[in-house]
Amino acid sequence: MELGTFGAILRFAMQIEEQSAAFYEAAGKVVPSLQELAQAARKRLARLEQARREGVAEMILESITGLDSDAYAVTLNPQAETAALQAQSQALEEATARFYRDAAAKLPIREVARLFQRLAQEHESAVHKV
Amino acid sequence: MHYGILKNYIGGEWVASTSGELLDVHNPATDEVIARVPLSTADEVDRAVAAAKEAFQEWRETPAVVRSRYMFRLKELMEEHFEELARTVTTEHGKILDEARGEVRRAIENVEVAAGVPSLMMGYNAEDIAAGIDEDCILQPVGVFCCVAPFNFPAMVPFWFMPYAVACGNTYIVKPSEVCPVSQNRLFELLDEVGFPPGVVNLVNGAKGVVDALLTHPDVAGVSFVGSTPVGKYIYATAAANGKRAQCQAGAKNALVVMPDAVLDGTVAAILTSAFGTAGQRCLAGALVLAAGDIYEPLKAKLVEAAARIKVGDGLDESVQMGPVVSRKALERILGYIEKGVQEGAELLLDGRRVAVAGNPNGYFVGPTIFDRVRPEMTIAREEIFGPVLGIIPVADFEEALAIIEAIPYGNAASIFTSSGKWAREFKYRVKCGNIGVNIGIAAPIATFPFAGMKQSFFGDLHGQGRDAIQFFTDRKVVISRWF
């Protein structure tokens, strides 16, 4: 789906974090170290919700082009074996970091773009943890 | 969702109107009836004014710092219910969720600024204005104020006024738009939760009958209004005739001047947001592009190409970039203007009349519409359309653009797009409009600045928001003292 508005981008970011949290909570039963990533995803969800509420500036709500949620889709199966779970986690973190970097470059609201850059960094460093 | 028959909020109680007259409130994306609003009676206005008058003395004696704490509580509740408020705005008005969030955010900003009333309301003094004589200026609240709100920002506009009035120690009555009354009714549920003393804030639903009762009531001190120019003039004149202060924000026909040195991509994005955001139903919406010199052809091509890609639909769908217009009546009026533009010889480059929204066959949708070769004397160049219709007028240079703006009777907003500081400075210095954008399509003042306006776009002297609001909602009392 094309992410053509500020709200669509924030909603997709929140969906990714929600999906990550659910995945890591389930996968953490097999690989306990992944529980920590679930907590981090829940925290990011709260930060995104705050950004959507406080970061909106009506005078620069310009349409956004060139961003599609399909480009960041990752297939997840929390019932998989340990090695597969780690591979999925890595793919998820990489795709999410890439989404935040791409979206930060498109967002017209500087504070929210900065938040996205920080979230990209968090996901990039999580790649090394899984 | 159906909000039922809306009630009035008078003296700290929700009370059903005794009026038998009810209007349907529609979701403009679906045409469904989402609420019914009563057209309250003059007696009900009288009861609201009596409650506000009774509450005034105790409220004005409440220390400013205590009054500001009510604002903090209100802000917290609005933050807590932010998303729900935004969805309510979209459901009753049609604007997309991002725009509704922006509106609720701006309403909250005004509460935040009003919470600074202990500082904002301080007076000033001078010692020894003559030997041994001092002079003080004290700001005091006035009494009962009211506002008559428009449909296009149903949550925000009353918050340009009410938080300041109440923070300053006045009491207040809101008359929301009868087309979009639900958001304000929901906000009053939060105001009720804040726990203001009974009568400090009141809400009376209705239409012209309520307005007239407020304007002629001897116990109402002043009125704030946002809406069309004919109604603004009427309210200003009636308020003045009845000895009230008034601030009336009225209609607009905003021009966007694009100079040959403008940054094209950024300019196109800003113009589209200005013209088609909130489906053109903003008093700050860009209605005319005055394209100077060589930029005219490339600008026109890019505007049409980008506008044609705007996704129109139900504002609750986050992928949608432009929602419906507010009512079937508005839709018909806008379609009439498009027809008029064609008849008068403007070239229709993009025709929004053919827009179809899958799954919403009954919505009041009109797509982005762009006319080229518009001439200043055409109806679509002179009258406020209040819909997603943009006219392009090619002009030779800056002076011709300025002359066209000068001839427009309205003076709400104007923008210039340029890379030249000289042209930007010249524009903001000379143009007779209240809100000026430099490379900004929607010159919307934040809460600490007045929402300005000139010519036929504003009647009064003090505007909503910021320091102007504090001045409007207070009297200045001068005390000259000498001690023997």
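Guide: A residue is called buried under 20% relative accessible area, exposed over 50% and partly exposed in between, using a 1.4 Å probe and protein chains only. This is a predicted model, in which local features need pLDDT of at least 70 and side-chain atom pairs count only at pLDDT 80 or more, whereas totals for chains, interfaces and linings use all residues. Residues are numbered from 1 along each chain as its sequence is written, chains are lettered from A and ligands numbered from 1 in the order in which they are written, and side-chain values use heavy atoms, with hydrogens and water left out.

Visitor: Are B:Glu318 and A:Arg52 buried or exposed?

Guide: The side chains of B:Glu318 and A:Arg52 meet in a salt bridge of 3.9 Å, N to O, the term standing for a side-chain nitrogen of Lys or Arg within 4 Å of a carboxyl oxygen of Asp or Glu. The pair crosses between chains, from B:Glu318 in the loop between H11 and helix H12 (328-343) of chain B to A:Arg52 in helix H2 of chain A (helices, H or I of at least four residues, and strands, E of at least two, are DSSP runs numbered from the N terminus). As for their accessibility, B:Glu318 and A:Arg52 are both buried.

Visitor: How many salt bridges are counted between chain A and chain B?

Guide: The contact takes 18 residues from chain A and 23 residues from chain B, where contact means heavy atoms within 4.5 Å. About 1,900 Å² is buried between the two chains, with carbon and sulfur atoms giving 56% of it; this is the accessible area (1.4 Å probe) that two parts lose on being put together, summed over both. A:Arg52 also forms a salt bridge with B:Glu83, at 3.6 Å between the closest N and O atoms, and the count between chain A and chain B is three.

Visitor: Which residue of chain A meets A:Glu18 in a salt bridge?

Guide: Over all chains, a search of the whole structure finds 38 salt bridges. In this one the N to O distance is 3.0 Å, and the pair links helix H1 of chain A, which holds A:Glu18, with helix H2 (residues 35-54), 24 residues apart. The partner of A:Glu18 is A:Arg42.

Visitor: Which residues does A:Ala8 touch, leaving out those up to four places away in sequence?

Guide: A:Ala8 lies in helix H1 (residues 6-27) of chain A, and it counts as buried because its relative accessible area is 1%. From A:Ala8 to A:Asp70 there are 62 residues in sequence and 13 Å in space, C-alpha to C-alpha. With the sequence neighbours left out, A:Ala8 touches A:Leu3 and B:Glu318.

Visitor: What kind of aromatic pair do A:Phe23 and A:Tyr24 form?

Guide: The search finds 22 aromatic pairs over all chains. In this pair the centres are 5.3 Å apart and the planes 55 degrees apart. Rings of Phe, Tyr and Trp (its six-membered ring) pair if their centres lie within 6.5 Å, and planes under 30 degrees apart count as stacked, over 60 as edge-to-face and the rest as tilted. The pair of A:Phe23 and A:Tyr24 is therefore tilted.

Visitor: What kind of pair do the rings of B:Trp59 and B:Phe196 make?

Guide: Their centres are 5.8 Å apart and their planes stand at 65 degrees. B:Trp59 is in helix H1 (residues 42-61) of chain B and B:Phe196 in the loop between helix H7 (182-194) and strand E9 (201-203), 137 residues apart. Both B:Trp59 and B:Phe196 are buried, and their pair is edge-to-face.

Visitor: How many residues does helix H11 of chain B have?

Guide: Helix H11 (residues 296-308) of chain B reaches 18 Å from its first C-alpha to its last, close to the 18 Å expected, which is 1.5 Å times one less than its number of residues. Its buried residues, including B:Tyr296 and B:Leu303, pack against several elements of chain B, among them helix H10 (264-276) and strand E13 (286-292). The number of residues in H11 is 13.
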